[in-house]
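Please read the following points alongside the model. They are arranged by region, and each can be checked against the coordinates on its own.

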Amino acid sequence: MKKYIKFLMTGGLLILSIGCKKNLDLINKNAYTYDTYFTTDAAVNQAVVATYAGLLHTGLWAREWYYTFDLLGYDAKNNQPLVGDLLQLAQYNFGADQNQVGQTWAALYQIIARANVVIDRAQTSWKPATPAETTDQTQYIAEAKLLRAYAYFQLVNLYGRVPLRTKFIQQPTPAEINLARSPVADVWAFIEQDLKDAEAGLPLTYSSDNYGRATQGVAVALLGKSYLYEKKWALAQTELAKLTKAPFSYSLAPVYNDLFDDPNQDNTTKNPETIFQVMNQQWTDWGIGNQYYLFGGQETWGGKATHSGRAQEYGFNDWNNTLVTTTAVKAFTYPNPQNPSVNYVDPRAAFTFYGDAASGGQTEYCQQCAPPKPGVSPVIAYPYATKGYAWLKYEYYNKMASFGGPQSGINGQVIRYADVLLMLAESYIQQGNTGAEPLALINQVRSRPSVKATLYTSLGSQANAMSILMRERQLELTGEQSRYFDLIRWGIAKQTINAERKIEDGTQPFQDKNILLPIPLAEKNSNSAIAKDVSGDWN
């Protein structure tokens, strides 16, 4: 997979444009066409890899994804350097012309378009010649369906009713171009079927040169998550429980921050907790493209590169655009699970943010930097505790004092095993089971060797168990773009965020309309069916 990523942009453009035909007097018989290109295993494989590439582009994990949902979920707040459209996100002051909202919509539909090409051509244009190619054909189609389901999962949660584009159409009619939005239930049904197909067609593992591709475990995890979001608790429990036993072998990473500070998680350093990740560095030849491309770059800036700008942009010793909210920091201090009369500081604080000792945050950095001179410790005290709490997660200040550019190879965790364990615990609790099963799952996450948080002895009532579960998800997944989606699906986003913001900055910015993102203006301008369907310039 790695050797093909360098061709993602040209390959991706080919996929999206190869169907366009012009009436010319002369036909270049050496030119590729939609009918002649996707006829080999290698060509279809490149199309699959180009579908993964959408995850690395603007609108998703290159930049917009972490800003949008860290800010909207109030894990992050704007620091003084944050300006423009990103500041609008932090203030909930945006509309249908918001840049990030539009880029995310476009990037997700780009993945869908590429996936549709793979599914179509793998079944019609390419005729496998060997049993090995037949196996590859099944895998490629399953990967495309998994990625398509991922895109629709995000779309239905963010925008509600969306156009359901289920196949590639080489010469679409006006009606197919101006496709109306489908009911939410239909989108969920399509997601479920794609994931069931993917689960049946994906392998458990890959060879080392294909590390990072979606496995059967990814399909199981995303299907279980889909059931959870749909409030199909029993189905979610059944699906997610599969990942806790053979043939799957996931386990929690012994060192918590290994998930978030290692840019070299390649095929030689697999992390047993990762189920699916965006491999910013290992999916490419590091250094391809210009590191500034993700800021909406120009041609003179160079080509696309596969990395994230998060470490640089969030980094306290670099651009320092965002801080961890005081609300998020305070969540790490709560009644001791075994002695509620005294406060307890959760050990995960020291893996999540820099701050003062009282908060539990990390107070030093450069633990692994080169020493300034022989015999002198490289460790530096965090100097900005009085100015706010800074991000440690997804940074590598333990390894270097400053980064020198917006180029980070730290992988983006899309789904990891701790998340699955907590979702499984929730599926039990939502069905009224607050006993041994969910208690063991929550305690399993808390007892990670590098964390060793005090364990709960019981979860109590269903309401109390849900409060514990909600806090566990907040602490475990801070800065992983999870809280916004959790608050929305639990139906408590407006009351929670407004209460937190009122205390911290005196505002109550969340409005009823913010339950969904606005349909992007560009989509309304290009799709007359959606333009007719949207009232109030929102959704």
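1. Residues 6–24 of this predicted model call for caution, since pLDDT, the predictor's confidence in each residue on a scale from 0 to 100, stays under 50 throughout residues 6–24. Where pLDDT is low, the predicted coordinates should not be read in detail. For the protein as a whole the average pLDDT is 90, and 89% of the residues score at least 70.

2. On conventions, residues are numbered from 1 along each chain as its sequence is written, and side-chain values use heavy atoms, with hydrogens and water left out. Because the model is predicted, local features need pLDDT of at least 70 and side-chain atom pairs count only at pLDDT 80 or more, whereas totals for chains, interfaces and linings use all residues.

3. The protein has 22 helices and 12 strands, which are DSSP runs numbered from the N terminus (helices: H or I, at least four residues; strands: E, at least two). Of its 539 residues, 56% count as buried, where buried means under 20% relative accessible area, exposed over 50%, and partly exposed in between, with a 1.4 Å probe and protein chains only. Among contacts with a separation of 6 or more, 69% are between residues 24 or more positions apart.

4. Strand E4 (residues 274–278) has 5 of its 5 residues buried, so E4 is largely enclosed by the rest of the structure. Strand E12 (residues 412–416) pairs with E4 in the antiparallel sense over 4 bridges, pairing requiring that DSSP find at least two bridges between the strands. Within this pair, Gln277 stands opposite Gln413 of E12.

5. Which elements cover the buried residues of helix H17? The buried residues of H17 (residues 436–446) are Pro438, Leu439, Leu441, Ile442, Asn443, Val445 and Arg446, and their cover includes strands E6 (333–336) and E7 (339–345) together with helices H16 (417–430) and H18 (462–476).

6. H16 and H17 pack at an angle of about 160°, with their axes 8 Å apart; axes are lines fitted to C-alpha atoms, for helices over the stretch in contact, and angles run from 0 to 180 degrees between N-to-C directions. H16 is therefore roughly antiparallel to H17, in a scheme where angles under 35 degrees count as roughly parallel, over 145 as roughly antiparallel, 65 to 115 as roughly perpendicular and the rest as oblique. H16 passes H17 in a left-handed crossing, the near helix being turned anticlockwise from the far one by less than a right angle (clockwise for right-handed). The residues in contact include Leu421, Ala425 and Tyr428 of H16 and Pro438, Leu441 and Ile442 of H17.

7. Ala425, which lies in helix H16, counts as buried because its relative accessibility is 0%. Not counting residues up to four places away in sequence, Ala425 touches Pro438, Leu441, Ile442 and Leu469. Ala425 and Met466 are 41 residues apart in sequence, while their C-alpha atoms are 9.6 Å apart in space.

8. The axes of H18 and helix H19 (residues 483–490) come within 10 Å and cross at roughly 155°, which makes H18 roughly antiparallel to H19. Here the crossing is right-handed. From H18, Met466, Leu469, Met470, Arg473 and Gln474 meet Arg483, Asp486, Arg489 and Trp490 of H19.

9. In the loop between H17 and H18 sits Ser458, which is partly exposed, with a relative accessible area of 46%. Leaving aside neighbours within four places in sequence, Ser458 is in contact with Leu439 and Ile468. The C-alpha atoms of Ser458 and Gly435 are separated by 7.3 Å, and the two residues are 23 apart along the chain.

10. Arg63 is 250 residues from Glu313 along the chain, with 9.4 Å between their C-alpha atoms.

How values were computed. Contact = heavy atoms within 4.5 Å.
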